[in-house]
Amino acid sequence: MNKKRVFFLNAALAFSALSFQAQAQDDVSLIKKGEYLARLGDCMACHTVKGKPDYAGGLAIESDLGTIYSTNITPDKEHGIGNYTEEQFANAVRKGVLPDGTRLYPAMPYPDYAKITDEDIHALYAYFMQGVKASSEQPAETDLSFPFNQRWGMRFWNLFFTSDKPFQPIGGASEQVNRGAYIVESLGHCGSCHTPRGIGMQEKALDSSEAKFLAGGNLNGWEVPSLRGLPRWSNEEIVDYLETGRNDKAAVGGEMTAVIEHSTSHMTRDDLQAVAAYLKFLGGNPGLQKGDEQARQKTEAKLTAGRNLTEGERLYIDNCGACHFVSGKGAPGAFPELDQATIVNAEDPGALIHTILAGAQLPSTAKAPSELAMPGFANRLSDDEVAKLATFIRQGWSNNASAVSEKQVSEVRKKLHTDK
């Protein structure tokens, strides 16, 4: 073999090696991107059960139709999605249709995922097929009662209540706002909880073109707040809350805890700021009325003096005052404000009652690893005592919400026992 042929052969081998290395790097980057997108989509929270493999499914999701169990979305070929083509994967994610034609229930937020771009679907597919460990775990099957077990009916539900329209950037908005809009309206599927539902249990709006989008709703007895404008929070407080589950005014509770733990706390700072910019851009939410300073000072002075207290005020001093203080302001970044808090002033007091009875725990995140916890008082306080305590909190300082009845507390307590 002459020197020229040896040179060209070596050059070809070197080029092939470099090409292979470049392709491998591209594959790694694509899988890494898909992993991040899966975090944006909060896939982990619904498809992972504590103590089981990641994405192996089996989480029981309570809905108005009954209990729906999440599926195995690992690349296992028998029990997971290992045999899906990319097109079939895209149809399941964006249309709620499995390869065999089975229709998913919208507990899987495909009405929102419909806006995910082809490029992001490609990265997600690469991640779930190559970056997730296959699991043969076989979760329980969803078995709803008639007529909800007739999945073919979802074809008509989709026809009336979903859209195949791709994400539409907001004309005249900044690049940052539109990035936030894409995250919130598609992968983040924030509307699935924060947008009111109609008679068919559909989201009444799917994007910012309608005022009902993110205007608040109700989820499993919790009144879910509006995200439009968030007038009491600054952009940085929104970022802090999504990144750590806490800010100087509030601390996470309920279903949002898992969202913080598995999704938003993993987002880049740029994306968190984009989400905050978009929510602020929406506006349209007057929030609570400006607090009455005289009423606030009156409550604080009476609690400080500790004389002639009502039972609700006494219960507050005995059980809540050490963390939330006589001012109702709590401790920034640790214990949330009660004065003017959304959960306190909600029309439906269910979330507040639930928190008093069951307590709450902040998730451990990279930026806030401490797992601060509020104890539950279900074993310490009677229904009547919880009602009086909640009523005081809802009407103390500058809060101005309706009283809480013993019956309302009893109903929440029963549900706690049912959920165990």
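This is a predicted model: local features need pLDDT of at least 70, side-chain atom pairs count only at pLDDT 80 or more; totals for chains, interfaces and linings use all residues.

A nonpolar patch on the surface is formed by Trp-152, Phe-156, Leu-159 and Phe-160, which together have about 540 Å² of accessible area.

**The patch residue Phe-160**
- Phe-160, one of the residues that form the nonpolar patch, is found in helix 6, which covers residues 154-161.
- Because its relative accessible area is 65%, and exposed means over 50%, Phe-160 is classed as exposed.

**The second largest pocket**
- The second largest pocket holds about 1,100 Å³ of space, and its lining is made up of 42 residues.
- Of these lining residues, His-47, Thr-71, Asn-72, Leu-98 and Leu-104 lie nearest the centre of the pocket.
- At least two residues of the lining are supplied by each of helix 2 (43-47), strand 2 (66-69), helix 3 (86-95) and helix 5 (118-131).
- Divided by class, the lining of this pocket has 26 nonpolar residues, 11 polar residues and five charged residues.

- Pro-336 is placed in the loop that runs between helix 14 (321-324) and helix 15 (342-345).
- With a relative accessible area of 23%, Pro-336 is partly exposed, because this value falls between the limits of 20% and 50%.
- Although Pro-336 and Ala-250 are 86 residues apart in sequence, their C-alpha atoms are 4.3 Å apart in space.

Definitions and conventions:
Residues are numbered from 1 along each chain as its sequence is written. Side-chain values use heavy atoms; hydrogens and water are left out. Patches are made of residues with over 30% relative accessible area and no salt bridge: like charges are joined within 9 Å, nonpolar side chains (Val, Leu, Ile, Met, Phe, Trp, Tyr) within 5 Å. Accessible areas come from the Shrake-Rupley method with a 1.4 Å probe; for residues, only the protein chains shown count as cover. A salt bridge is a side-chain nitrogen of Lys or Arg within 4 Å of a carboxyl oxygen of Asp or Glu. Helices (H or I, at least four residues) and strands (E, at least two) are DSSP runs, numbered from the N terminus. Buried means under 20% relative accessible area, exposed over 50%, partly exposed in between (1.4 Å probe, protein chains only). On a 1 Å grid over the protein atoms alone, a cavity is a set of points where a 1.4 Å probe fits but cannot get out, and a pocket is an open set with protein on both sides within 12 Å along at least five of seven lines; lining residues have an atom within 4 Å of a point. Grid points are joined across faces, edges and corners, and a volume is the space filled by probe spheres set on the points. Ala, Val, Leu, Ile, Met, Phe, Trp, Tyr, Cys and Pro count as nonpolar, Asp, Glu, Lys and Arg as charged, and the others, Gly among them, as polar.
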